[in-house]
Amino acid sequence: MPSIDVCFSPELLRLYDLKGKAVVAVDILRATSTMVTAFAHGAADIYPVMQLDECLAFSEKGCLTAAERDGIKAEGFDLGNSPFSYMVPELKGRTIAITTTNGTRAIRLSEAAEEIVIGAFLNLETVAQHLQELGLDVIVVCAGWKGMFNLEDTLYAGALTERLQEQFTFENDATLAALHLYQTAKADLVTYLQQSSHVRRLQRLGIQRDIEFCLQHDVFEVLPVWKKDKLVDLKANPTLV
Ligand code: MLT
């Protein structure tokens, strides 16, 4: 029976062996929620990069560029990191290069894995079904905040564990803690997270609707996975499986 484990921060990845495993990279507020939303609105593929200058250089290749630092859209880029900015028809068929404070770092630092899947509450069931079919051991890599633990990514890890608990085992306390945390909070995630650091940070920036949106479950049936150097949606490109 495959296992599911949880890594609370990319800074802890040195403690995990990713070889032969499926990583689910998660940054609920907001990078992976935004990437899922972009694919759901027709984005062709997404290049997650770690540096602002690397991201900006993609504009010379006709890509849309997106950047966020500390929750704020970076100057000089086409898009920021609000999922609402990606719900536009102009996105259809476009390639997007994106860099965020934490989410793109969690993805790129997981490249040793057999597969990297982009997880969010928005595509929770689609990811759970894919992992059941894949049958690999899973490690949920939480983006956290600048290397530190955050609640929302861990709640997602608990939600995924709950969906997979019949078919996956787990040994580590991180997975057990994530599951219990989610089961405590799942009745009303928005209220539960009101005191969390990133929700308060976003609210100080006047960003409220992104929070409610990113906490919805199973809104989109998209399955972004890492293929060589970019993310593609396997639901829109089944031949790439
Ligand atoms: C992150 O990378 O942690 C988030 O995307 C930051 C944000 O969008 O507020």
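**View 1. The cavity of the predicted model.** A search of the whole structure finds one cavity of 30 Å³ or more. A cavity is, on a 1 Å grid over the protein atoms alone, a set of points where a 1.4 Å probe fits but cannot get out. This is a predicted model, in which local features need pLDDT of at least 70 and side-chain atom pairs count only at pLDDT 80 or more, while totals for chains, interfaces and linings use all residues. Residues are numbered from 1 along each chain as its sequence is written, and side-chain values use heavy atoms, with hydrogens and water left out. The volume of the largest cavity is about 60 Å³, taken as the space filled by probe spheres set on grid points that are joined across faces, edges and corners. Its lining (residues with an atom within 4 Å of a point) includes Asp27, Leu29, Arg30, Glu68, Trp145 and His198. By class, the lining of the largest cavity holds three nonpolar, six polar and three charged residues; Ala, Val, Leu, Ile, Met, Phe, Trp, Tyr, Cys and Pro count as nonpolar, Asp, Glu, Lys and Arg as charged, and the others, Gly among them, as polar.

**View 2. The ligand and its shell.** The space taken by the ligand is the largest cavity; a molecule sits in a cavity if more than half of its atoms lie within 2 Å of its grid points. The ligand is surrounded by 13 residues, of which Asp27, Arg30, Asn81, Thr100 and Asn102 are the closest; the criterion is a heavy atom within 4 Å. Three nonpolar, seven polar and three charged residues make up this shell.

View 3. The contacts shown are pairs of N or O atoms within 3.5 Å. Arg30 places a polar side-chain atom 2.9 Å from an oxygen atom of the ligand, and a polar side-chain atom of Thr100 also lies 2.9 Å from a ligand oxygen. From Gly103, a backbone N or O atom lies 3.0 Å from an oxygen atom of the ligand. Taken alone the ligand exposes 270 Å², and the protein buries 100% of that; areas come from the Shrake-Rupley method with a 1.4 Å probe.

View 4. Leu29 and Arg30 are joined by a cis peptide bond with omega of about 10°. Arg30 is found in the loop between β2 (22-26) and α1 (31-40); helices (H or I, at least four residues) and strands (E, at least two) are DSSP runs, numbered from the N terminus. Asp70, in the loop between β4 (64-69) and β5 (72-73), has a positive phi near 55° although this residue is not glycine.

How values were computed:
A polar contact is a pair of N or O atoms within 3.5 Å; within protein, one must be able to donate a hydrogen and the other to accept it, and residues adjacent in sequence count only if both atoms are side-chain atoms. On a 1 Å grid over the protein atoms alone, a cavity is a set of points where a 1.4 Å probe fits but cannot get out, and a pocket is an open set with protein on both sides within 12 Å along at least five of seven lines; lining residues have an atom within 4 Å of a point.
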